[in-house]
Amino acid sequence: MSTDIPNGILALAGQVRDARLSAAEIVETTLSDIEARDSRFNCFTAVFSDEARAQARNLDADVRAGRPVGPLAGVPFGVKNLFDVAGQVTLAGSKIRRDSHPAARDAALVARLKASGAILVGALNMDEFAYGFSTENAHYGPTRNPHDPERIAGGSSGGSAAAVAAGLLPLTLGSDTNGSIRVPAAMCGVFGMKPTYGRLSRAGVFPFAASLDHTGHFARTARDLAAAYDALQGPDAADPACADIPPTPSLPELEAPLDGVRIGVADGWFREGASPEVLEGLELAAAALGATRTVALPEVARARAAAYCITAAEGANLHLQDLVTRPHDFDPATRDRLLAGALLPAAVVLQAHRFRAWFRDEVAKVFEDIDVLLAPTTVCTAPRLGQLTFSFKGHEVPVRPNLGIFTQPLSFIGLPVVAAPIRRAGLPVGLQIVTRPWAEALGLRVAHRLEQLGALQAPALEAA
Amino acid sequence: MHPSPDSETDEAAAAYARAAAAYQRLPIPEQCWPGVITNLLTLREHVAMVMDFPLGPEVQADSVFQP
């Protein structure tokens, strides 16, 4: 990899702050690498070369002048192309939005990373309107899994995960409504974070199903994930779901011991139908932490069903006008799912929202006895590009809507999850580290400890 | 999750879909119907799970979900 950041993004930023490395050099290396290698993976839908160079020049000038620069000074990053970037059209993976006006300003999280000194380099591929788990985009092509280009990257934030896995960028932003950060993190073997619902601002992010939409990010280590998370936190009145609570910095706690932390291992739904390598990954992580207590959440299948119904209805409603006036400009697979969602009776959606409250309260009782829950992220490793189904509990089920079987029940009630790659040979396998609401810092601590214990690691890309 | 192969229930779903689309004046191009009905059959499995669970009147949804 030419964009080699062996000591993480904080060390890189330290070199920039100390003028041992210029932001301009980092940006040129990053742009050259993207130019040379992204055609293999199709992570990017736009590269902002001029803007990135300009931001780097300004940053280097600040360093030379002795002005303060942020904790992520010079760190290149990219965003799923549903984040607003000032002056750019926000595609959200669609053809339809190509006709939209360019964004007037950066999305809140883009602005926060820039204010921390990070440099925006490009926009990244995704499933159309985030409705899918594969990033096989009919308009912009599939993003290929860096560990096997004949396989999917997962989705919907597939470009964001693959860019980190390929070493093209050390940090990317994504969104997660039902698993769209965690599934591609698992398929591509990187760390991803879906914080508590309401923790990170969604202002300037094209919605999918607003009552379930989260924002988050990808990185190669738990420490990098924590560093970016601390830069991203903070209330935002522009997002009605964003909680008015102060940031909870995670980096100061990252090395704290786990003495007394009660860790459960998911049972029931999260094991049924999982492939042997996925279960081996879960057992590896549990053994490393000495976690033997198994925990089954109540009514998980129903929680997944309710999330599925809410997503279908809210997504359909969001796109109703375009479904009427220009249905043939959608990816047919997305369009037909949305149209079906438009036909759901209101009673189902209302019942699903009420069940959400019930399920939240029941799971909160489970978390009275544990602090952390370990669960697999996906049923299987990355399917092949174009593969239509995979095996689950003896049935063949469609890939596109079903890769989130293990992620969907957790985001349904907004629980924070660190998605982490199991250290293993072969295709990546992911672990979900779940904590109670607002306890993201603990999830990051556990992920960091598991890295130290050798159970987690973002796999290096084999020479391609 | 597993659409029923039963042609009678499939026809019922298709009839519902066409009636629901007409009721809300949602025009669906003819070539979209097979995909729409396939997705509606998938949704029907999830709908049944949601509607089969009794909830008391004390269980209320949040206007903005509070985790």
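Among contacts in chain A between residues at least 6 apart in sequence, what percentage join residues at least 24 apart? The share is 76%, where a contact means heavy atoms within 4.5 Å.

The model is predicted: local features need pLDDT of at least 70, side-chain atom pairs count only at pLDDT 80 or more, and totals for chains, interfaces and linings use all residues. Residues are numbered from 1 along each chain as its sequence is written, chains are lettered from A and ligands numbered from 1 in written order, and side-chain values use heavy atoms, without hydrogens and water.

Chain A contains 15 helices and 17 strands. Helices (H or I, at least four residues) and strands (E, at least two) are DSSP runs numbered from the N terminus. The C-alpha atoms occupy a box of roughly 60 × 60 × 45 Å along the principal axes. For 464 residues, a compact globule would have a radius of gyration near 23 Å; the 20 Å of chain A agrees. That radius is taken over C-alpha atoms, and the globule rule is 2.2 Å times the number of residues to the power 0.38.

Of the 464 residues in chain A, 65% are buried. Buried means under 20% relative accessible area, exposed over 50%, and partly exposed in between (1.4 Å probe, protein chains only). Chain A exposes about 15300 Å², with 51% supplied by carbon and sulfur atoms. Areas follow the Shrake-Rupley method with a 1.4 Å probe.

Chain B has 2 helices and 0 strands. Buried residues form 40% of its 67 residues.

Cys380(A) is buried, at 15% relative accessible area. Cys309(A) is also buried, at 0%.

Backbone geometry follows. Most residues other than glycine have a negative phi, and most peptide bonds are trans. Gly155(A) and Ser156(A) are joined by a cis peptide bond, with omega about 10 degrees. Ser156(A) sits in the loop between β7 (148-152) and α5 (158-165). Thr135(A), not a glycine, has a positive phi of about 50 degrees. Thr135(A) belongs to the loop between β3 (119-124) and β4 (136-137) and is buried, at 0% relative accessible area. Trp438(A) has a positive phi near 75 degrees. Trp438(A) lies between β17 (430-435) and α15 (440-452) and is partly exposed, at 29%.
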